[in-house]
Every structure is written in C-alpha cells, then in structure tokens.
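Subject: Structure handover

Hello,

Here is the structure I promised to pass on. Please open it first, then read my notes below.

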Amino acid sequence: MRTRPPQIVAFGGGGFSMEWGNTLMDDYVLALTGVEHPRVCFLPTASGDADHYVVRFYRAFPASRCEPSHVSLFRRETGVGDVRTHLLSQDLVYVGGGSLVSLLGTWRAHGIDFALYEAWQAGVVLCGGSAGSLCWFAQAVSAFHEGPPRRIEGLGLLPWTNTVHYHEEPGRRAPFLAAIADGAPTGFGVGDAAALHFVGTDLFEVISSRPGARAIQVSVDEHGAICECELEVRYLGASALDDGAAIAA
C-alpha cells in the first residue's frame, strides 16, 4: 500500500530528452518512488506520440531499471488497455515535452486529466519537462507555437503559474512578468537543468542536474510591484538521491 504524499517534479528543461547521458534528474524522480523496481509510465502526448521520443524513453528507462510502459493517445490502441487503471497502478508518471495546447486538449478529451489527479492524490509521483512541467499548474506561459508566448490554463493541480527555459530563452521573461502583473498566481520561472519539487502544493526544494542552473519566484508585493526572487537550488550529487528519497518513506 502506498504511503507517498502527492508529489510533482516540474523540470524547467532536462531529463532524458534534453540531457542524454546525465541521469541525475531521472534518478531523482525514480528515487522518490521509494521502490526498488518502480513502475514508470511515459506520456508522450505533447509530441503527438512521436515514435523517436518513445524509443528514447525505453532506452533511458530499460527493464533492468524499472517496469516501463507508455500510453499512446494518437494510435488506435493505447497499448495499456484501460488508461485510468494503468495510471493509478504506476509509481511514476513521466510526461514528455512538446505542445502544451495539444497535450491539454487531448487529455481532456480522453479524461486523462481526471485520472492524473486521482493518481497524484493516490501517491503516484508525477514529473515532466517543458509541456510536461507546465501542464500541472493553474496557469502557464508557453512559447511552443509561433508568435509571442501565450498564457494557458493548465490542470491546476498546483495553484501557481509556471514557465520553462526561463534563462535560456530571454523572450519568455517579459510575457511571464506581464501575466503575474495581470493577476496570474505567484509564478516560477525555471531554467534548463533545474526542477521544482512540490509535496502537495508546497514547494519542497529546487534541484538541478547541472551546476549553475537557476529558478526564480515571481510575485506582486503590497504596492503592486513585481518581485523576482532567486530560489536556492540544490545540485544533485552522488549522495543526493538518498536525501531526495527520504520523504518517500
């Protein structure tokens, strides 16, 4: 029986899809499950279930490391039978990057949004990068499609605002600050190789798979001014996995 609290790890950019050969971030989320051979399900929805992305997942999460699976929503068969039942049986659900708009529309059409909420409440660890990070928040500022970054309503599991690749893509900052100033909830701008680890809806810590990765919190003060606060980031070293896994007990 699971004893894990609800947890989400939202990558600003990283994991197997962006840092091949650097397993620190993926090792961290696996350790959070507290299971020696965890069940890990990949959702490549934001990429349109791109075959190369799925292949890359299985190379990064082989059967020697976990019990991997993926759900396809753009094929005739999902590959897992009943998707809700499958998601609820997992230890970790890993969401890939791509189009946030496509991801949310597809999930809502198939009822995946409700299934993921149930899984989160049941202690399944949720994680992902890019669109797989933005999706968990009440509000997101996405720049995947042509044109300026746009404000999008996410699943709302986390009552905050999020944007990713924050320090690597300068064009994201101004629209993100404008969204917060316009009434979006307090937000987190997260750079590549950094990730936000939430326990429940509270930020537990910020971790990174590379030294120098950054994340900021953006809010509005009592005078209506925008405040950007640099968050402390813990670089994941050889001993970090035991520390990260401690709350899974």
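Two strands count as paired if DSSP finds at least two bridges between them. Keep in mind that this is a predicted model.

**The sheet**

By that rule, β10 (residues 194–199) and β11 (residues 202–208) are a pair. They run antiparallel, with six bridges.

**Two helices**

Look at α1 (residues 24–32) next. Is this helix largely enclosed or left open? Eight of its nine residues are buried, so α1 is largely enclosed by the rest of the structure. The buried residues are L24, M25, D26, Y28, V29, L30, A31 and L32. Just after α1 comes G34, with a positive phi of about 70 degrees.

Helix α7 has a buried side. F176, L177, A179 and I180 are buried there. These residues span an arc of only 155 degrees around the axis, so they lie on the same side of α7. What do they pack against? The partners are β6 (137–142), β7, β8 (158–163), β9, β12 and β13. The face turned away from that buried side carries A174 and A181, which are exposed. Just after α7, G183 has a positive phi of about 115 degrees.

**Salt bridges**

How many salt bridges does the structure hold? The count is eleven.

- D51 and R75 form a salt bridge at 2.9 Å, N to O. D51 sits in helix α2 (residues 51–60), and R75 in the loop between β3 and α3 (83–88). The pair links distant parts of the chain, 24 residues apart. D51 has 54% relative accessibility and counts as exposed. R75, at 40%, counts as partly exposed.

- R151 and D182 meet in a salt bridge at 3.3 Å, N to O. R151 is in strand β7 (residues 150–153), while D182 is in the loop between α7 (173–181) and β9 (187–190). These two are 31 residues apart in the chain. R151 is partly exposed, at 37% relative accessible area. D182 is exposed, at 60% relative accessibility.

- R214 and E230 form a salt bridge, with the closest N and O atoms 2.9 Å apart. R214 lies in the loop between β11 and β12 (215–220), and E230 in strand β13 (residues 226–230). They are 16 residues apart. Both are partly exposed: R214 has a relative accessible area of 38%, and E230 has one of 42%.

There is also a network. Salt bridges with shared partners join R4, R39 and D91.

**Where to begin**

Then turn to α7 and its buried residues. Finish with the salt bridge between D51 and R75.

Best wishes

Methods: Residues are numbered from 1 along each chain as its sequence is written. This is a predicted model: local features need pLDDT of at least 70, side-chain atom pairs count only at pLDDT 80 or more; totals for chains, interfaces and linings use all residues. Side-chain values use heavy atoms; hydrogens and water are left out. Helices (H or I, at least four residues) and strands (E, at least two) are DSSP runs, numbered from the N terminus. A salt bridge is a side-chain nitrogen of Lys or Arg within 4 Å of a carboxyl oxygen of Asp or Glu. Buried means under 20% relative accessible area, exposed over 50%, partly exposed in between (1.4 Å probe, protein chains only). The arc is that of the directions from the helix axis to the C-beta atoms. Contact means heavy atoms within 4.5 Å.
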